[in-house]
Amino acid sequence: MKKKYLLLMTGLLAACTLFGCGKKESDVSTEASSEGTDSEITGYLVDDAAQYVTLGTYKGMDVEKPVYTVSDDEVAMEIDNTLYEYSTVETVDRAAQNGDLITADITAVVEGESDPTLEEEDYTIELGYAEFGEDFDQQLIGSKAGDAREFSCAFGEDTWYEEWIDQTVDFNVTVNAVEELILPEYTDEFVTDTLGYDSKEAFETALREELEAGYEEQSSDETRENAILTAMDGCEFNGYPDALYDSCADAVNENYASFADIYGLSVDELYEAYDMTQDDVEAEIMDTVNRRLFISAICQAEGLTVTQSEYQAYLDSQYPDYGYEDSQSFEEDYGKDYLMWMLYEDKAAT
């Protein structure tokens, strides 16, 4: 459906595509830090952004809003997930079946290599979940505690392990234990006594409403992102401060370096796994630079600022959604620069 969408009347997407581009004193204002007062925070927007970007239309745009509906299958999946959360396990003296948990010592070596790419002791695997692929799970169905199995699996593009893409991996697996996953029976009694709902119908209604709320938030986020991209398409960009480019380039490169480290890869290996080139990285840097210029230009044109109290209120409203126990640890992990730009995007839409 089409919806009349006023960019400055809605919150912009807190885009994870925006990296924490650091500020340089030559291109930004000095940050206010008066303690005990609700002072304006400065030092983040690009000074005189209008000299680098000519704004086009950013109000009253027609932007398509995605519409999502909750299916009965999705509700059923949430019910299954809830039952799984309250499941118990019981060690069994029988052959492993699909759905069982096995605890095993696992060594995996990419064919043709000598060093293990995976070496784990007492690693728990749910057969049927296909963490290491469906073929891997099938090789272990029928195994018992004490069994040792050697086999190979060929992996394609859909494996979770980047270094296994289009590779054959040799496995050595020793099964230490087989456990049966026991789910509670989905009854009114379970829903009432354990989950605190009056009936299964009430629980399912609550699940549906929660899913609908999530879809509405997703739809709003996508609409906001479409709006900002559409507005940026109508702008003319005329260069950028060198320091802004350098800081954004550093942040993008550092982000990929951190991502590669998680998977035990070099940056070049990560790029190869995702079929990325330096041109792709450069395009991402420039997208970030231009987005910062665009937001700066809107904030300056509209006289939008952020105060100390607004920033703290923003932290307090966001950290629970990110799974943090307090705003301080949330800020430490994400960085004030990144969070300030998220807030500027929200401020630009109010």
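This is a predicted model: local features need pLDDT of at least 70, side-chain atom pairs count only at pLDDT 80 or more; totals for chains, interfaces and linings use all residues.
Biologist: Let's start with the overall make-up. How many helices and strands are there in the protein chain?

Modeller: The chain has ten helices and eleven strands. Of its 350 residues, 39% are buried. Looking at contacts between residues at least 6 apart in sequence, 73% join residues at least 24 apart.

Biologist: On to charges. What makes lysine 59 and glutamate 302 a salt bridge?

Modeller: Their side chains come to 3.4 Å, N to O. The cut-off is a Lys or Arg side-chain nitrogen within 4 Å of an Asp or Glu carboxyl oxygen, so the pair qualifies. By that rule the count comes to ten salt bridges.

Biologist: Where do lysine 59 and glutamate 302 sit in the chain?

Modeller: Lysine 59 is in the loop between strand E3 (53-54) and strand E4 (61-64), while glutamate 302 belongs to helix H7 (residues 278-302).

Biologist: Why is lysine 59 called partly exposed?

Modeller: Its relative accessibility is 42%. Buried needs under 20% and exposed needs over 50%, so lysine 59 falls in between. Glutamate 302 gets the partly exposed label too, because its relative accessible area is 31%.

Biologist: And glutamate 216 with lysine 65: how do you know that they meet in a salt bridge?

Modeller: N to O, they are at 2.8 Å, and with the limit set at within 4 Å, that counts as a salt bridge. Glutamate 216 is in helix H4 (residues 200-233) and lysine 65 is in the loop between E4 and helix H1 (72-85), 151 residues apart.

Biologist: Which of these labels, buried or partly exposed, goes with lysine 65?

Modeller: Buried: the relative accessible area of lysine 65 is 11%, and the cut-off is under 20%. Glutamate 216 has 41%, so that residue counts as partly exposed.

Biologist: Serine 219 lies in helix H4 as well. Why is serine 219 called buried?

Modeller: Because its relative accessible area is 3%, and buried means under 20%. Leaving aside neighbours within four places in sequence, serine 219 is in contact with Lys65, Pro66 and Tyr68.

Biologist: What makes glutamate 345 and arginine 291 a salt bridge?

Modeller: The closest N and O atoms are 2.9 Å apart, and the rule asks for within 4 Å. Glutamate 345 is in helix H10 (residues 336-347), arginine 291 is in helix H7, and 54 residues separate them. Both of these residues are buried. Elsewhere, Arg94, Asp100 and Glu180 are linked in a network of salt bridges.

Biologist: Now the helix packing. Why are H4 and H7 called roughly perpendicular?

Modeller: Their axes come within 11 Å and cross at roughly 90°. Roughly perpendicular covers 65 to 115 degrees, so H4 and H7 get that name.

Biologist: Which residues of H4 and H7 meet?

Modeller: From H4 there are Glu225, Ile228, Leu229, Ala231 and Met232; H7 brings Asp287, Asn290, Arg291, Phe294 and Ile295. By type, this contact divides into six nonpolar, one polar and three charged residues.

Biologist: What makes H8 and H10 roughly perpendicular?

Modeller: H8 and H10 cross at roughly 100°, with axes that come within 11 Å. That angle is inside the 65 to 115 range, so H8 is roughly perpendicular to H10. Glu310, Tyr311, Tyr314 and Leu315 of H8 meet a set of H10 residues including Lys336, Leu339, Met340 and Leu343. The contact has seven nonpolar, no polar and four charged residues.

Biologist: Which residues touch the most other members in the largest nonpolar core?

Modeller: In that 51-residue core, Ile285, Phe294, Tyr311 and Tyr344 do. Among the elements giving two or more residues are E4, H4, helix H8 (308-318) and H10. H7 supplies the largest share, ten residues.

Biologist: What is tyrosine 311 in contact with, leaving aside its neighbours within four places in sequence?

Modeller: Its contacts are Ile41, Val306, Glu331, Lys336, Leu339, Met340 and Leu343. There is also a second, separate core of 23 residues, which includes Ala108, Val110, Phe151 and Val173. As a general point, nonpolar side chains tend to be buried together in soluble globular proteins.

Methods:
Residues are numbered from 1 along each chain as its sequence is written. Side-chain values use heavy atoms; hydrogens and water are left out. Helices (H or I, at least four residues) and strands (E, at least two) are DSSP runs, numbered from the N terminus. Buried means under 20% relative accessible area, exposed over 50%, partly exposed in between (1.4 Å probe, protein chains only). Axes are lines fitted to C-alpha atoms, for helices over the stretch in contact, and angles run from 0 to 180 degrees between N-to-C directions. Angles under 35 degrees count as roughly parallel, over 145 as roughly antiparallel, 65 to 115 as roughly perpendicular and the rest as oblique. Contact means heavy atoms within 4.5 Å. Ala, Val, Leu, Ile, Met, Phe, Trp, Tyr, Cys and Pro count as nonpolar, Asp, Glu, Lys and Arg as charged, and the others, Gly among them, as polar. A nonpolar core is a set of buried Ala, Val, Leu, Ile, Met, Phe, Trp, Tyr and Cys residues joined through side-chain atoms within 4.5 Å.
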